[in-house]
Amino acid sequence: MNELAGRKIVLGVTGGVAAYKAAELVRLLGKAGARVQVVLTDAGARFVTPVTFQALSGNTVWTDIWDPRMANNMAHIDLSRDADAVLVAPASADFIARVAHGLADDLLTTLCLARDCPLLVAPAMNRQMWEHPATQRNVRQIVDDGVTLFGPAAGDQACGEIGMGRMEEPETLLENLIAYFVPKTLAGRRVVLTAGPTFEAIDPVRGITNSSSGKMGYALARACAQAGAEVVLVSGPVALPAPVGVRRIDVRSALEMRAAVFDALPGADVFIGVAAVADYRPAQAAEHKIKKSGETLSLALTPNPDILTEVAARADAPFCVGFAAESRDLDAYAEGKRRNKRLPMLVGNLVGDGLGSDDNLVILYDDAGKHPLPRAPKSVLAGQIVDHLAGLLAARAIPS
Ligand code: PMT
């Protein structure tokens, strides 16, 4: 996905062992469509050479403020002028201290002082250095000056200690950067979603499920988090990692999903039911594996509760968004479900289009009518669904 297409990112790399991860970050940024301009400090170049960054970014790597290759000798001005952001990863304690004090004694700090775009900083240092009052004072200062921090994370450190100060992984930094550019239309909102299939046990090894992959629900959870919401994702069994910034709760059956949703619901502004919840479950799951007998086997099924209907019927119901996957007559069935479940918004799709695939063709239904969206990857549709949802939420907030 070219989610950074058209963006220019100046990547500053300072002296820390996490510099080796910056090489992977350059690759990921390029894959996401960004133009990457690497600026390396002297200490950074001791960990990874400019040649590596040049090969990965396809651009000249700048290290020296006195580099005569820049015609006007003003690399500190020219490099950041058409940039969308300066991202420094890893950012050492020394770099943060120098930025906090407005020092400009090498190319990267001079460029940071002279920039007219956002400065994003991914700290990376030993836990004692991170916790030191001087570092904490400097971090507060740069945040007060408008710098955005990505991390740090806690965990194993190169020095063998464990604690806060690790640089976020390159994949997480990429996600943070993509999210940074998304308008915060859901800031201050709490969103609860369901995703994936449910699994209704027949016996200890068998069950009834369906082919929902969770891709649509996970893409929507990610888009809500990118738009600034606090997100809880109640997920049936799928093989997907939790999106960055999303709290995921794993469940198996519809009953477990219902319990997790109602646990997560207090304070929620929005509930989105993307999960393909089984309408029925075996009336009685066998305690032991059912043995083959050669005889016909009948399975008594009992209806599952409809989670979305129950949530939407509450006196304090959040803004509820339903999904409907149909095999025919999409408009009639989808709009019928929206009305029966009393939903302000529903996303309709045909099973042949949406189930398991990477892209989808959906129609949005609300009180104003139907709004078809062009076929697109689920990540793109998720952003469009969030935009529509945010518009309806904002309109609700305006007294008529
Ligand atoms: O996971 P993917 O492979 O990416 O596929 C995405 C999807 C096709 C599963 C998704 O786009 C979708 O359409 N999900 C809804 C599936 C469906 O048909 O649901 P339904 O018609 O059974 O239910 C309608 C709505 O009620 C849904 O929001 C559902 O989550 C909710 N529901 C249904 C039954 C139930 N017991 N509890 C519920 O909350």
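Residues with a relative accessible area under 20% are termed buried, those over 50% exposed, and those in between partly exposed. In this predicted model, Glu161 has a relative accessible area of 31% and is therefore partly exposed.

Glu161 forms a salt bridge with Arg127, with the closest N and O atoms 3.2 Å apart. Glu161 lies in the loop between β6 (153-156) and β7, and Arg127 lies in helix α7 (residues 127-131), so the pair ties together parts 34 residues apart in sequence. Arg127 is also partly exposed, at 24%.

In total, 29 salt bridges were counted. Among them, Lys21 and Glu169 meet at 2.9 Å, N to O. This pair links distant parts of the chain, 148 residues apart. Lys21 belongs to helix α1 (residues 19-31), whereas Glu169 sits in the loop between β7 (162-166) and α9 (170-180). Lys21 is buried, with a relative accessible area of 13%. Glu169 is partly exposed, at 30%.

Another salt bridge joins Asp106 and Arg98, whose closest N and O atoms are 3.5 Å apart. Asp106 is buried at 18% relative accessibility. Arg98 is buried at 12%. Salt bridges with shared partners connect Asp94, Arg98, Asp105 and Asp106 into one network.

Aromatic rings were examined next. The count comes to 1 aromatic pair. The ring centres of Tyr180 and Phe181 are 5.6 Å apart and their planes stand at 85°, so the pair is edge-to-face. Tyr180 is partly exposed, at 31% relative accessibility.

Charges also sit over rings. Arg69 lies over the face of Trp62, 4.8 Å from the ring centre. Arg258 lies over the face of Phe262, at 4.9 Å from the ring centre.

Definitions and conventions: Residues are numbered from 1 along each chain as its sequence is written. This is a predicted model: local features need pLDDT of at least 70, side-chain atom pairs count only at pLDDT 80 or more; totals for chains, interfaces and linings use all residues. Side-chain values use heavy atoms; hydrogens and water are left out. Rings of Phe, Tyr and Trp (its six-membered ring) pair if their centres lie within 6.5 Å; planes under 30 degrees apart count as stacked, over 60 as edge-to-face and the rest as tilted. Buried means under 20% relative accessible area, exposed over 50%, partly exposed in between (1.4 Å probe, protein chains only). A charge sits over a ring if NZ of Lys or CZ of Arg is within 6 Å of the ring centre and within 35 degrees of the ring normal. A salt bridge is a side-chain nitrogen of Lys or Arg within 4 Å of a carboxyl oxygen of Asp or Glu. Helices (H or I, at least four residues) and strands (E, at least two) are DSSP runs, numbered from the N terminus.
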